[in-house]
Amino acid sequence: MKKTLLLTVLFLMNIGTIKAQGCSDAGICSVGNSFQDIEKAPKNSLEFGSIFGAGEADVKYFSPYVTYTRQWNAQFALSTKVTYSLASGNFGKRGQFGDAYLIGNYLWKTKKTTKWSTLFGAKFPFTRSNLKINGYSLPLDYQASLGTFDLILGTNLNYKNWDFNAGLQLPVFNINSNSYFKEYSGTDDFPSTNLFRRKPDALFRTTYTYQTHDKKWSFKPNVLFLYHLGEDSFESIFGKRENIEGSDGLTINGNLIGAYHFNKNNALEFTVATPFVVRDIRPDGLTRSFTAGVIYKIRF
C-alpha cells in the first residue's frame, strides 16, 4: 500500500512539469471505462463526472458529463453519455453541450480468470464546431465538439488483474463548419481550422488493478497508446484543401485512476493523466498540459 501511495505522489508531481497533450481526445480515450462488469444485479448505473484541464495559450477547461447504463441481460449492456465543455482563455469564455454517445457492450462466454467483451457505438455532435465570441471565429480549442458523427468500435480482454483494450474511432459524417484562420486572429497560438476534417484514431491501452484488502480503495495505473491515422486538413483562404503537416502519429499517455468504494453500489473516483509522447501538432484543440477528474458512480 505504501508503494502504491508513493507512486501516486510521484505521478502527480510529474504532471506539472509536462506541457503537451493529456488523455483528452475526440472520445475514444475513455473507451476503457465503457467496459462494464456484468452481474445479475443491479440493472442500472449512473455516472456523474467533471474533468478539469489546462491547454495551450492558457486555455482552461471544465467538462462535466453524465452517463447512464442499463444492463439488459447477463451479456449485453447499453450506455448513453452526454458531455458539456466550458473553455476560457485570452479569446474569452465559451461553453456548450458537446457530444452524445450511445455505446453497447457485449460480454462473450467467460472462463474462470478471463473475460472477453466487445464494444460498439456512435458519437453524435450537438454543435457544428463554429462557436464565436462577439462575431469572431474561435479555434477548435474553444469548441465543445469536433462536429463529426463517429463510429466507435472496441474490444477488451480481462485476465486476473489486467485489462487490455483496443479501439477505433472513425469519423463517418462531418458537419464541422469552423471558420477560424490564424492569419486574421492576431496570434500564432492556434493553427487554421477552417472547415476542419479529422482523421480516425486507433487506441491500445493496458491497465493493472490493485485493491486494498478491505476492497474500499482501488488503484488503476494504465498506459494508453493513441495513433492518429493520417493528417487532418482545412480549407485555406483560397478555397484549397490543405493537409496539416505533423498532425498524424503517436501519442502515449500515462493515466492513474483511484477510487473509494463506499459500498458495492457507490464509489467516488479520481483520475489524473499526463503525456509521454505527443504528435508534432494537434489542430483539433485537444491539447492539455494535464487533465484531472472527479467522478461519482451509483448503481441501482
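P221 stands opposite L256 in strand β15, in a predicted model for which local features need pLDDT of at least 70, side-chain atom pairs count only at pLDDT 80 or more, and totals for chains, interfaces and linings use all residues. Residues are numbered from 1 along each chain as its sequence is written, and side-chain values use heavy atoms, with hydrogens and water left out.

The pairing of P221 and L256 belongs to the contact between β12 (residues 217-228) and β15 (residues 249-263), two antiparallel strands joined by 12 bridges. Strands are DSSP runs of E with at least two residues, numbered from the N terminus, and two of them pair if DSSP finds at least two bridges between them. Strand β15 is also joined to β16 (residues 266-277), again in antiparallel orientation, through 11 bridges. In this second pairing, I252 is placed opposite V277 of β16.

Patches consist of residues with over 30% relative accessible area and no salt bridge, nonpolar side chains (Val, Leu, Ile, Met, Phe, Trp, Tyr) being joined within 5 Å and like charges within 9 Å. Accessible areas were computed by the Shrake-Rupley method with a 1.4 Å probe, and for residues only the protein chains shown count as cover. At least two residues of the nonpolar patch come from each of β9 (162-174), β10 (201-208), β12 and β16, and β12 gives the most, with 3 residues. L229 lies in the loop between β12 and β13 (233-235). With a relative accessible area of 40%, L229 is partly exposed; this class lies between buried (under 20%) and exposed (over 50%), with a 1.4 Å probe and protein chains only.

A patch of negative charge is formed on the surface by D58, E183, D188 and D189. In this assignment Asp and Glu count as negative and Lys and Arg as positive, whereas His and the chain ends are not counted; the place of a charge is taken as CG of Asp, CD of Glu, NZ of Lys or CZ of Arg. D189 is located in the loop between β9 and β10 and is partly exposed, at 42% relative accessibility.

Over the whole structure, 6 salt bridges were found, each defined as a side-chain nitrogen of Lys or Arg within 4 Å of a carboxyl oxygen of Asp or Glu. One of them is formed by D201 and R198 (2.3 Å, N to O). Both partners are buried, D201 with a relative accessible area of 2% and R198 with 10%. R198 also forms a salt bridge with D284 (2.3 Å, N to O). Because R198 lies in the loop between β9 and β10 and D284 in the loop between β16 and β17 (290-299), this pair ties together parts that are 86 residues apart in sequence. D284 is likewise buried, its relative accessible area being 1%.

A further salt bridge joins the side chains of E269 and K297 (3.3 Å, N to O). This pair links distant parts of the chain, with E269 in strand β16 and K297 in strand β17, 28 residues apart. E269 is buried at 10% relative accessibility, whereas K297 is partly exposed at 27%. Finally, salt bridges with shared partners connect R198, D201, R279 and D284 into one network.

Definitions and conventions. Helix = DSSP H or I, 4+ residues; strand = E, 2+ residues; numbered from the N terminus.
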